Structures are given as structure tokens and as C-alpha cells.
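Colleague: I have a few questions about this one. Can we go through it together?

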Amino acid sequence: MRIARRIAAVAVSGAVILGGAVLTAPTASAASLPRECNLILTQTKDVSDAVHLRSGPGTGYTSLGILYNGAGFTEYCTKDYKWSYGKVTSGANKGKKGWVKYAHLNPVEKG
């Protein structure tokens, strides 16, 4: 019986420690962000219009795919509030990282 309690206590302690580590882990470190970023932040947004996901902050960069109205996007940083870098969280290009025109992103309402 004592051994079972000890095993349960260790398991709970491990879960608490691991959960704390997961909760405090940053979603994108400054070292992993593109150098074009000049404001680092993390926000959940969605796409308001069909827009290209680009390899860089500008229309001259390669399109990595099209994000359609309602696609989810986690913004990690912006370049002058004109372009946002982040990761697509829903839709056809889910999982891809790239740049999206800032004007085509809307904050997601919480609650």
C-alpha cells in the first residue's frame, strides 16, 4: 500500500512539474524569429480575406499557399504593423510558417 501511494505521489509531482514547464515554455523564441521582426508578440488571429502566406514580408516574396477567410493564424511578430510572421493553425496550410499582410488578420475574441 505504501509503495502504491509513493508511486502515485511521484506521478502527480512529475505531472505538476511537466505541466508547469509546458505552460511557461515560449511559443517562439526571439532567436528563432526572422530578423525582419521589429515587434515580438504572440496573438491568436484569423484571416479576414483570402491572402497569400509568403516566405518574407512583402509581395515580392514567394507564396507558400493561400489562407482563406477564417483560417487560424498565430502571430509571433510584426514588421512595422504591415506584415505579420507566424504559424497557420487551421485550414489547408495548417502547420506552415510564413508572413501574412497585417491588414488581413483579425484578433480572435476570447471567451
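Colleague: Which residue stands opposite threonine 74 in β5?
Modeller: Lysine 87 does. Keep in mind that this is a predicted model.

Colleague: How do β4 and β5 run, and how many bridges join them?
Modeller: They run antiparallel, and six bridges join them. Strand β5 covers residues 83–88. The two strands form a hairpin with three residues between them.

Colleague: Which residue in the turn has a positive phi?
Modeller: Aspartate 80, with a phi of about 55°.

Colleague: What about β1 and β4, in which sense do they pair?
Modeller: In the antiparallel sense, over six bridges. Leucine 39, for example, stands opposite threonine 78 in β4.

Colleague: How many residues of β4 are buried?
Modeller: Seven of its eight residues are buried, so β4 is largely enclosed by the rest of the structure.

Colleague: Changing topic. How many disulfides does the structure hold?
Modeller: It holds one. Cysteine 37 and cysteine 77 form it, with their sulfur atoms 1.9 Å apart.

Colleague: Where do cysteine 37 and cysteine 77 lie?
Modeller: Cysteine 37 is in the loop between α1 (2–24) and β1 (39–47), while cysteine 77 is in strand β4 (residues 72–79). The pair therefore ties together parts that are 40 residues apart in sequence.

Colleague: And what kind of bond is a disulfide?
Modeller: It is a covalent bond between the sulfur atoms of two cysteines.

Colleague: Are cysteine 37 and cysteine 77 buried or exposed?
Modeller: Cysteine 37 is buried, and cysteine 77 is buried too.

Colleague: Now the rings. How many aromatic pairs are there in the whole structure?
Modeller: A search finds three. One of them is tyrosine 76 with tyrosine 85: the ring centres are 6.5 Å apart and the planes are at 45°, so the pair is tilted.

Colleague: What does tyrosine 85 pair with besides that, and at what angle?
Modeller: With tryptophan 99. The centres of these two rings are 5.4 Å apart and their planes are at 55°, so this pair is tilted. Tyrosine 85 lies in strand β5 and tryptophan 99 in strand β6 (residues 97–101), so the pair ties together parts that are 14 residues apart in sequence.

Colleague: So which residues do the ring pairs link into a cluster?
Modeller: Tyr76, Tyr85 and Trp99.

Colleague: What is the relative accessible area of tryptophan 99?
Modeller: It is 2%, so tryptophan 99 is buried. Tyrosine 76 is buried at 8%, and tyrosine 85 is buried at 12%.

Methods. Residues numbered from 1 in each chain as written. Predicted model: local features only at pLDDT ≥ 70, side-chain atom pairs only at ≥ 80, totals over all residues. Heavy atoms only, no water. Disulfide = S-S within 2.5 Å. Helix = DSSP H or I, 4+ residues; strand = E, 2+ residues; numbered from the N terminus. Buried < 20%, exposed > 50% of the residue type's maximum accessible area, 1.4 Å probe, protein only. Pairing = 2+ DSSP bridges. Phe/Tyr/Trp six-rings, centres within 6.5 Å; stacked < 30°, edge-to-face > 60°.
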